[in-house]
Amino acid sequence: MALRHAVLAALLDGEYSGYQLTKAFDIGVANFWHALPQQLYAELSKLEKEGLIAGRQVVQETRPNKRLFQVTDAGRAELEDFAAASSKPSSIRDDLLVKVQVADRVGTESVIGQLQDRASAAEGKIELLGKLLRQLRGDVEEEEFLLHGERIGPYLTCLRGLSFEQEHRDWCLRIAAVLKERQSTRAER
């Protein structure tokens, strides 16, 4: 997947400025695709040149003018082609896992701290994703929303992000506890 598809997908929900797109990525898309603001602005420019999105200038009285972008028919066709293509299996690339792998050879104290930090960060994301899920479904119970909700895609990806963060938090806490226990067992010998 390229950043272009994540941007096109985010723009399906409406017309966004670059700033609004950045915020949408921070909240909803970041759980499955990370991009820096400058990458998003560069991608918007590319997509507009390719005719996959259309931009329009909005004149504002008390603020600088802004550009709003929306997906074109060509952009929708690009997304349809992307959705129809086979997906490659994902893989984990995480420097913390390399540190855990060598922890028993190079020392565990800093790795334990990093695991705890990562668990805390995951807890913050869990809270944020939970709020987003409640916001997306409104007053509707989850099972009802899953069956009859109007726009289900963002909800489903948010559920995946929530599941990932919960598992990640739990794994980090477990591994930190294992490494601590091994430290104390070695200290007793």
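At what angle do helix 1 and helix 3 pack? The angle is about 85°, and their axes lie 10 Å apart. This is a predicted model: local features need pLDDT of at least 70, side-chain atom pairs count only at pLDDT 80 or more, and totals for chains, interfaces and linings use all residues. Residues are numbered from 1 along each chain as its sequence is written, and side-chain values use heavy atoms, with hydrogens and water left out.

**Helix 1 and helix 3**

- Helix 1 covers residues 3–11 and helix 3 covers residues 37–49.
- The angle makes helix 1 roughly perpendicular to helix 3 (65 to 115 degrees counts as roughly perpendicular).
- Leu3, Arg4, Val7, Leu8 and Leu11 of helix 1 meet Gln39, Leu40, Glu43, Leu44 and Leu47 of helix 3 (contact means heavy atoms within 4.5 Å).
- Seven residues of this contact are nonpolar, one is polar and two are charged.

**The two sides of helix 5**

- Helix 5 spans residues 95–106, and its Leu96, Val100 and Ala103 are buried (under 20% relative accessible area, with a 1.4 Å probe and protein chains only).
- These residues cover an arc of only 60° around the axis, so they sit on the same side of helix 5.
- An α-helix has 3.6 residues a turn, so residues three or four places apart point the same way.
- The buried residues of helix 5 pack against helix 6 (109–137) and helix 8 (153–188).
- Val98, Gln101, Arg105 and Val106 are exposed on the other side of helix 5 (over 50%).

**The ends of helix 5**

- At the start of helix 5, a side-chain oxygen of Asp94 comes within 2.9 Å of the backbone nitrogen of Leu96.
- Gly107 follows helix 5, and its phi is positive, near 110°.

Note on methods:
Axes fitted to C-alpha atoms, helices over the stretch in contact; angles between N-to-C directions. Helix = DSSP H or I, 4+ residues; strand = E, 2+ residues; numbered from the N terminus. Parallel < 35°, antiparallel > 145°, perpendicular 65-115°, else oblique. Nonpolar A, V, L, I, M, F, W, Y, C, P; charged D, E, K, R; others polar. Arc of directions from axis to C-beta. Polar contact = N/O pair within 3.5 Å; in protein donor to acceptor, adjacent residues only side chain to side chain.
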